[in-house]
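My notes follow the order in which I checked things.

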Amino acid sequence: MSRFGIRSTRARWGGAAIVAAVVAIATIATSWAPVGASVRDRPRSPAPGFLFSQDRYREFEAPSPRVELFPSGINDRGDVAGEYIRPDRESGFVRDSRGRITTFDVPGARGTEAAKLNDRGQIVGRYSDDTPFVDDSTRVRGYIRYRGKTTRLDAPGAVHTLPTGINDRGHVVGYYVDARGMTHGFVWRNGRFTTLDIPDATAPTPVDMNDRGDVVGVYLDAAGAVHGFLLSKGRRSAVAAPGAPTTIPFGINDRGQIVGYTADDLNQAGARGFLLANGIDGPFTPIDFPGAPKSVALGISDGGDIVGLHENPDLTPSSPAAVSPAPRGQPPDMLSDLDLGTVRGITVSAVIADQIEELLAAAETEGLVLTGHGYRDHARQIALRRAHCGTSYYAIYEMPAGNCSPPTVRPGTSMHERGLAIDFSCDGLLIRSRSNSCYRWLAAHAASYGLYNLPSEAWHWSTNGS
């Protein structure tokens with residue numbers, strides 16, 4: 001996700017056990033909009049879900065403004081599956097054709113995510129035994145959920161097993177991470193795992209599979225660039241929209257139709273959904289929610305119904321709500337380019353520039369000279385992850401921050417990338433100790449200016465303490 005990026009090719013799936021109890025059922029209000037029409041009564045979510053069917057778009061969102069949905073799969077009955085993301089943990093959800101949402105958890109799991117579902121109602125996803133957000137787990141595990149029963153999926157010898165799709169035959173596709181931190185694709189059929197690697201490709205990450213066994217997904221080249229692919233009858237074909245720097249295929253149906261999105265970078269700048277109605281031969285048909293700055297298409301049924309997410313146009317970069325941090329676990333933000341300002345040599349979001357000026361001036365009156373580094377672009381965050389975490393797809397985009405040395409958050413989730421964090425120095429030296437005079441002053445006064453400390457890093461202060 002938070003998450004709309006490559007990171008969201010993270011869906012995963014699942015020995016026998018009884019699935020956890022349903023914890024919520026809610027009806028979500030929706031509104032229909034014809035192609036090209038504006039939509040009234042915009043939802044509260046910064047990234048509402050949408051359905052596209054018979055040339056019409058319909059929005060939907062979670063029943064609570066504190067919950068975000070990541071809808072990534074749809075079947076021929078119109079049921080949608082995905083992630084139900086609360087501020088403190090996540091669950092899987094299914095939304096039926098009448099708009100009712102049911103959430104669920106793998107028995108005993110602290111965090112659960114759903115990715116795709118088939119026409120039989122089988123749901124695949126992943127879960128965590130040790131953390132409330134699955135991607136932070138030291139061991140991500142997969143599952144299949146069907147009629148109240150959970151089958152757990154763990155690839156042999158894998159540290160993480162991450163299913164991403166399931167077809168109507170019950171075959172599961174996904175990827176796993178081995179003990180060396182290397183990523184491999186897999187297919188699970190009749191209880192057996194088969195590794196699905198791609199020649200001359202790093203970190204193959206299958207995302208979905210149809211009943212013919214055709215697989216779509218992404219991989220990294222030697223330079224770390226992301227490429228979309230279709231694997232059909234043993235042959236690999238590129239999925240690449242003309243002129244788009246990044247093309248991410250995210251779903252395929254039995255007719256060979258492919259959906260996904262294009263973007264200017266992995267942070268989803270300029271994200272636009274697409275449909276390949278005639279398969280790999282194209283053309284690329286836009287799937288863009290009316291009036292939305294950005295849209296992504298994430299799943300497609302055999303009948304051609306599409307599910308996805310779009311950026312709420314009512315949340316703009318000039319609005320504090322638009323640049324506030326996304327709920328924990330949500331896909332990477334889909335906000336437009338930030339409005340930045342530089343305050344005494346520190347570049348930050350314009351939303352907090354005035355309060356940072358006041359903070360620095362107040363410190364100066366007490367004889368303290370605070371300097372530092374604020375905004376960090378997405379490319380720099382990727383470079384830091386490569387240096388601190390490793391060079392594989394998993395290391396850059398999936399590995400928990402705490403497993404890196406030093407700890408480094410995933411691209412698309414850093415408060416520095418939003419211009420809402422500063423690494424402070426005192427008299428030209430990075431603040432490394434809580435006995436530092438500048439740290440003591442910040443601890444006493446920074447909250448008055450809207451900044452809070454990350455407990456593990458004396459120098460790091462942000463608008464939410466992360």
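**Entry 1: the model and the count.** I am working from a predicted model. I searched the whole structure for salt bridges and got 15.

**Entry 2: Asp135 and Arg126.** I looked up this pair by its side chains. Aspartate 135 and arginine 126 form a salt bridge, with N to O at 1.8 Å. Then I checked burial. Both aspartate 135 and arginine 126 are buried.

**Entry 3: Arg141 and Asp154.** Here the side chains meet in a salt bridge at 2.7 Å, N to O. I asked where the two partners sit along the chain. The pair links distant parts of it, 13 residues apart. Arginine 141 belongs to strand β12, residues 141-146. Aspartate 154 lies in the loop between β13 (149-153) and β14 (158-166).

Buried or partly exposed? I took arginine 141 first. Its relative accessibility is 18%, so arginine 141 counts as buried, the cut-off being under 20%. Aspartate 154 comes out at 23% and therefore counts as partly exposed.

**Entry 4: Glu364 and Arg344.** I found a salt bridge between the side chains of glutamate 364 and arginine 344, at 3.3 Å from N to O. This pair also links distant parts of the chain, 20 residues apart. Glutamate 364 is in helix α2, residues 353-365. Arginine 344 is in the loop between β28 (340-343) and β29 (346-349).

Glutamate 364 has a relative accessible area of 48%, so it is partly exposed. Arginine 344 is at 41% and is partly exposed.

**Entry 5: helix α2.** I checked the span of α2 against its residue count. With 13 residues at 1.5 Å a residue, α2 should span 18 Å. The C-alpha atoms at its ends are 19 Å apart, which agrees.

Which residues of α2 are buried? I listed Ala353, Ile356, Leu359, Leu360, Ala362 and Ala363. I recalled the general rule for spacing. An α-helix has 3.6 residues a turn, so residues three or four places apart point the same way.

What do the buried residues of α2 pack against? I found β28, β29, β30 (370-373), β31 (421-426) and α5 (437-445).

Last, I looked at what comes after the helix. Glycine 367 follows α2, and its phi is positive, near 80°.

Notes:
Residues are numbered from 1 along each chain as its sequence is written. This is a predicted model: local features need pLDDT of at least 70, side-chain atom pairs count only at pLDDT 80 or more; totals for chains, interfaces and linings use all residues. Side-chain values use heavy atoms; hydrogens and water are left out. A salt bridge is a side-chain nitrogen of Lys or Arg within 4 Å of a carboxyl oxygen of Asp or Glu. Buried means under 20% relative accessible area, exposed over 50%, partly exposed in between (1.4 Å probe, protein chains only). Helices (H or I, at least four residues) and strands (E, at least two) are DSSP runs, numbered from the N terminus. The expected span of a helix is 1.5 Å times one less than its number of residues. Contact means heavy atoms within 4.5 Å.
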